[in-house]
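Please look over the sequence and the model below before reading on.

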Amino acid sequence: MQTILVILTFCVAAGFLLKKFVWNTIFEGKQKTIGTLDGDKTKCGNNDCGCH
């Protein structure tokens with residue numbers, strides 16, 4: 001019984017690590033855009049003056 005639990009725990013942990021570091025790297029890649037620090041709601045107007 002303990003062996004089954006250890007194997008299941010290992011598989012879940014390995015799957016989590018693969019998804020986090022391999023899957024996301026391959027499929028999300030450079031699709032993410034970096035916004036402003038306040039979530040694309042610049043407090044200085046329409047253009048980013050660099051005051052934040």
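## Surface

The protein chain exposes about 5,100 Å², an area found by the Shrake-Rupley method with a 1.4 Å probe, and carbon and sulfur atoms supply 66% of it. Of its 52 residues, 0% count as buried, a term that means under 20% relative accessible area, whereas exposed means over 50% and partly exposed lies in between.

This is a predicted model, in which local features need pLDDT of at least 70 and side-chain atom pairs count only at pLDDT 80 or more, while totals for chains, interfaces and linings use all residues. Residues are numbered from 1 along each chain as its sequence is written, and side-chain values use heavy atoms, with hydrogens and water left out.

## Helix and Phe21

The secondary structure comes to 1 helix and 0 strands, where helices (H or I) are DSSP runs of at least four residues and strands (E) of at least two, numbered from the N terminus. Phe21 has its place in helix α1, residues 2-28, and is exposed, with a relative accessible area of 51%.

Notes: Buried means under 20% relative accessible area, exposed over 50%, partly exposed in between (1.4 Å probe, protein chains only).
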